[in-house]
Amino acid sequence: MPRISIWIRARPAEQDATFASTSNEPELASSRTTKSPQSLSSSSRACSSKVFRLISVSQSVLCSSRGAEKAVSMAKPIPLHPRIRERQKPQISASALAEFIITPPDRQDEVLHDARFMRPPAVAPYGDALRAMRAYCNDPRRAPFHLDNAIGALTNRSQSQELKPSLRDEAARCVEAITLFQNSANQFGLSKLPMFECGRLAPLSISRVAVSVQPDILVGASQPGNNDLVGAAGFRPQKRPNPNECKLEATRTARLEFRREVARYMTVLLRMALLEMGFRADQIEPKWLFVLDLRTGERIELPSDRISRERRIKAACGQIERLWSSIEPKPGDFQG
């Protein structure tokens, strides 16, 4: 803040008398000229008192400005950690949006925090496994070498001492995901479906929130413009929440249902993505909208209550848009 200085010059008593004598007010002039030396000294003391009070005010203003300047310097924001990437505008993934809808409010806060203050991983989770599974589905012959070659290469990476431990762990997770896909391929019923790899899609805009919806494969028609039926599918290799790690049957059942509910909302979002791509609603085959849960070996298809779920998705996005600016970083998000 700028430094404020006030300069005050006291007017001598003689000048006051001269000023009064030249005034346009005859009464004031006449009374001024008849004042005694005692009155002049008292006037001088009054003027000095006023000057002292004004100087005291100037000193207090100067001290206040210095204190405000110090407060501003102390209120500088602490920068976020370099690994934290903050999203200024509302944006969330399809799976995170599904979790936000079906979880209690305390967990919703964590979902929104992780969506705004991201910690991008060095390597995309399960990226190599998803590429191998897409290549397998894109091949009309469903040749197994797409998966076998990927498992061999990833196994070598997971055992290489030249790579960082995080990269070795990621390679091992990809091997596990591909193996789970191989074991459930027949159960998924993919052998006779016409499938194509889907290109990168722009996020959906739902109630002013950008929702990232990316199908792994398209079923039926590969592009809009014809009357062929179309569908979309996604792979879900993530462990959390893992029902196989539960000791109690009730906990295992609850985690299974949680994964199914997330997948059901994801199928609704896949349908919305197809409409955004330009496909007509009468082209979309509900049985061809599904999520393959690699951990449970289940194929979750579009639920019958799609319309009510779409309303919940729009309402949830409206809530996220209103809450986004109030989401605060956690202490661990800051640098230092």
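Arg252 and Glu249 sit three residues apart in helix α9 (residues 249–277), so about one helical turn separates them. Helices here are DSSP runs of H or I with at least four residues, strands are runs of E with at least two, and both are numbered from the N terminus. The side chains of Arg252 and Glu249 meet in a salt bridge, 3.9 Å from N to O. The term salt bridge means a side-chain nitrogen of Lys or Arg within 4 Å of a carboxyl oxygen of Asp or Glu.

Now the background. This is a predicted model, where local features need pLDDT of at least 70, side-chain atom pairs count only at pLDDT 80 or more, and totals for chains, interfaces and linings use all residues. Residues are numbered from 1 along each chain as its sequence is written, and side-chain values use heavy atoms, leaving out hydrogens and water.

Back to that pair. Glu249 is exposed at 53% relative accessibility, while Arg252 is partly exposed at 30%. Buried means under 20% relative accessible area, exposed over 50%, and partly exposed in between, with a 1.4 Å probe and protein chains only.

How many salt bridges are there by this rule? The count is 22. Another one joins Arg107 to Glu110, with the closest N and O atoms 2.8 Å apart. These two residues are also three apart, in helix α5 (residues 105–116), so again about one helical turn lies between Arg107 and Glu110. Arg107 is partly exposed at 21%, and Glu110 is partly exposed at 38%. There is also a network of salt bridges, linking Glu257, Arg260, Glu261, Arg264, Glu298, Asp305 and Arg309.

Next, the aromatic rings. Rings of Phe, Tyr and Trp (its six-membered ring) pair if their centres lie within 6.5 Å; planes under 30 degrees apart are stacked, over 60 edge-to-face, and the rest tilted. That gives three aromatic pairs. One of them is Tyr136 with Phe181, edge-to-face, 5.7 Å centre to centre and 85° between the planes. Tyr136 lies in helix α6 (residues 127–138) and Phe181 in helix α8 (residues 165–188), 45 residues apart, so this pair links distant parts of the chain. Buried or exposed, what is Phe181? Phe181 is buried, at 0% relative accessible area. The rings of Phe181 and Phe235 have centres 5.7 Å apart and planes at 80°, so this pair is edge-to-face. Tyr136, Phe181, Phe188 and Phe235 form one aromatic cluster.

Last, charge over a ring: NZ of Lys or CZ of Arg within 6 Å of the ring centre and within 35 degrees of the ring normal. Arg309 lies over the face of Tyr265, 4.7 Å from the ring centre.
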